[in-house]
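Me: I would like to go through this model in questions and answers, starting with its confidence.

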Amino acid sequence: MVLVGFLLISPAVAAALYNDGYTPAQELDINDFLVNIIEDGAELVFANIDAEGAPQVIYGQLGIPSETLGLTTGGSLSEMYTGCIAMVLVATYGEMLEYVFELIGTDFLGGDSGGELFPLQTTMFDFNSIMDLIGDELNLLANVFLDLPETTSRTRMNQIMSHLTVNFGFSFSELFTLRIDESFFPPEMGLQLPFQSIDVYIHQMTNADVIQAIWEVMNTSGFANAIDETIFAGKPAAAAGLLAVPDMDALVSMIEGFAGGGGFSVADFMTSQFENLTLEGPLAIAALGYIGDQLLTNSDTQLDIFGDLLGSTSSISPLGTGQSLIIASFPSNVNVTSYTPENQAQNLTFYDNESNMVFWNSTGLGTQPDYTVYFNASGLPPMITLERTFSPESCAVGEFTDVTVTVTNEGDDPIANVSLSDIGFNAIYPNVTVSGTQTGFWPSLAPGASQSITYRVTFTNEGKYTFPGAELTYEYDTYIFGKDTRADGFEVTADLVGLLAQGIADGWPFTGAILGLVAVTGIYSVLGLIRGGGGSEFYQT
Amino acid sequence: MAFGSKYFGWLSAMAIVLAAGWFLLPAGYNTLIQWMAPQLGNYVRPTLVMVNILLVNPLTNIVMVGIWGAAGFVGGILAGTKKGAFVVGFMTWFFCLGLAGFCVIQMFISGFNLGNIPPLPPGSSIVDVLSIPLIKDVIGGILPMIAGISGGGLDIFSMIMPLVLWVVVPIVVVIVAGIIGAMVRPKE
């Protein structure tokens with residue numbers, strides 16, 4: 001899903017760069033720029049701070065996968081990727097999918113009129129319900145092969161998986177394979193396919209840290225050399241993705257085949273739009289991202305993009321070849337006052353005061369200690385933490401847990417009208433017994449002070465129960481802010497003995513009769529064995 | 001004494017099938033149980049254990065084939081005759097079928113509530129559920145059928161045949177393994 005964000009942001013960046021008011025280098029030609037980033041590669045760091053001071057960070061690479069990925073060998077397409085049209089790896093953790101849908105659907109890049117999918121959300125689909133059914137940890141590998149015998153495509157798929165396992169630590173479990181050829185359709189349809197066959201292989205990635213493994217696939221030059229990839233772990237939500245097209249020429253040919261070949265040529269079209277563009281060879285897009293907890297408060301005055309958001313402790317160098325860009329976006333309640341490095345005179349940096357975004361052309365700026373934004377953040381709230389705990393952290397059927405939600409003001413200023421609510425569980429599981437306080441309101445919360453609500457949930461069924469995020473709203477400096485805990489899962493374990501007893505009781509008297517018959521037969525058999533002289537004659541008739 | 005040996009053969013085979021079915025349940029089933037049991041009750045797990053035991057695709061659920069084979073083999077050894085092994089194998093499968101029916105009935109009787117489908121638990125996804133061998137097989141079978149529908153007809157036979165095969169596999173495996181067991185160690 002980070003890929004989605006990267007794919008959406010990249011054109012936006014390109015569009016922004018094609019503004020007369022800002023170009024990353026003077027005399028820039030947008031055609032050359034696009035050709036360069038496709039042919040030479042590009043990388044982008046996009047950092048967004050929301051109105052509560054929480055960061056969302058994406059690092060993406062275009063066209064520069066690690067050599068170790070093995071798309072090519074000695075400059076030509078590797079045999080195992082021959083016939084592979086595309087390979088996609090996607091891994092999400094936490095509430096990333098939900099966030100991405102919200103981003104696309106309602107408020108992408110600060111707008112308030114809704115994204116392209118917003119009408120669909122309100123009239124056709126309930127994305128929350130869909131998200132409930134998709135879940136939050138999606139780890140998939142999908143490969144598409146064109147016009148290969150089934151045994152060949154399967155062999156190459158196995159080679160690719162073996163390569164990914166040995167070099168990057170992936171492990172896989174097959175989910176689905178699908179072969180679409182003319183035999184797939186009933187003969188009476190008389191269908192003429194524009195290809196001989198398409199093989200689709202979908203695998204679940206089962207290794208523990210898929211995001212780390214995808215990071216290993218990425219090129220380690222440029223920004224990646226300075227980023228501490230462990231920063232992505234342990235965040236409320238994180239995701240990573242890779243889209244690899246081993247042979248652009250083969251993909252273009254396939255698209256032209258779908259188009260019917262009636263004079264239309266994707267290659268010709270692209271070449272006519274972008275001179276010097278050759279759609280050949282491999283292309284890959286890889287990206288990682290995370291959504292963090294509140295980082296900035298009303299007392300902060302600066303943000304180091306790499307040091308604070310990407311765990312960097314060293315200087316930041318751009319790609320040797322290709323384009324390196326950084327974008328930092330701030331909410332309207334943060335007043336950006338300056339930033340470093342700054343080189344607006346040569347159009348290597350740019351600040352857009354309407355969107356409150358800072359752009360750096362890192363390629364032009366060269367190696368830097370960091371990229372820092374200075375601001376007046378008095379509009380941000382103080383550091384407010386919201387925590388939910390379970391005691392015990394799991395239990396058996398028939399037992400209970402006490403849920404405590406605590407809001408703490410860790411800042412230097414009081415907040416007002418603090419409202420806390422944790423009632424989402426009741427809506428999902430209306431038949432589960434809940435007692436205690438699930439909501440709270442306090443007129444003010446002083447610096448250093450905490451308030452809590454506690455309630456007890458008693459479970460009669462096994463399962464893993466979802467506790468939706470507890471919701472907090474509060475007022476600071478006449479503005480209303482909100483914060484949620486992440487959704488938690490609480491496991492109630494099965495009780496085998498209890499279940500057996502329950503089964504016997506529920507099926508009484510029939511279960512009693514069957515068990516009695518089995519027992520009597522057993523006693524009869526044992527007595528027969530004893531009469532027969534024991535185990536030595538066990539096999540006698 | 002022949003009765004006694006068949007009894008213990010049946011008891012051993014039942015114990016093997018139920019214990020292995022319970023403890024070697026594929027991970028995807030656990031996700032499904034953890035997801036649905038809060039709403040559908042405590043009989044969801046035994047019901048799905050029995051479904052996994054009784055519907056076996058030999059191509060994708062080799063573990064269950066092995067369990068049935070082991071149960072049949074042990075049952076056959078204890079039964080000691082081919083006829084006894086057949087009875088042991090069939091009765092093992094038949095009791096499992098009865099147990100599955102009981103679990104399904106109890107699931108419906110005791111607190112079955114379809115009012116809400118709860119969200120998938122945090123830390124899991126629909127992919128975990130789709131990794132269940134039975135569900136993979138069903139989807140793998142449905143996709144070509146969708147193409148068939150668009151071609152003008154729904155082939156009921158091709159829909160039912162895989163299910164029939166999956167039902168038959170455990171019976172055949174347990175009986176054949178039982179007969180082999182009886183041949184390995186026949187009654188003296």
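Reply: pLDDT is the predictor's confidence in each residue, from 0 to 100. This is a predicted model, in which local features need pLDDT of at least 70, side-chain atom pairs count only at pLDDT 80 or more, and totals for chains, interfaces and linings use all residues. Residues are numbered from 1 along each chain as its sequence is written, chains are lettered from A and ligands numbered from 1 in the order in which they are written, and side-chain values use heavy atoms, with hydrogens and water left out.

Me: What is the mean pLDDT of chain B?
Reply: In chain B, 87% of the residues reach a pLDDT of 70 or more. The mean pLDDT of chain B is 85.

Me: Which element of chain B has the lowest mean pLDDT?
Reply: Helices (H or I, at least four residues) and strands (E, at least two) are DSSP runs, numbered from the N terminus. Among the elements of chain B, helix H4 (residues 62-79) has the highest mean pLDDT, 94. The lowest, 71, belongs to helix H7 (residues 133-150) of chain B.

Me: How many disulfides does a search of the whole structure find?
Reply: A disulfide is a pair of cysteine sulfur atoms within 2.5 Å. The sulfur of B:Cys103 is 10 Å from the closest cysteine sulfur, in B:Cys96, and therefore too far for a bond. Over all chains, the number of disulfides found is 0.

Me: Is A:Arg154 buried, partly exposed or exposed?
Reply: A:Arg154 lies in helix H6 (residues 150-168) of chain A. Leaving aside its neighbours within four places in sequence, A:Arg154 is in contact (heavy atoms within 4.5 Å) with A:Glu174, A:Thr177 and A:Tyr201. Because its relative accessible area is 31%, A:Arg154 counts as partly exposed.

Key:
Buried means under 20% relative accessible area, exposed over 50%, partly exposed in between (1.4 Å probe, protein chains only).
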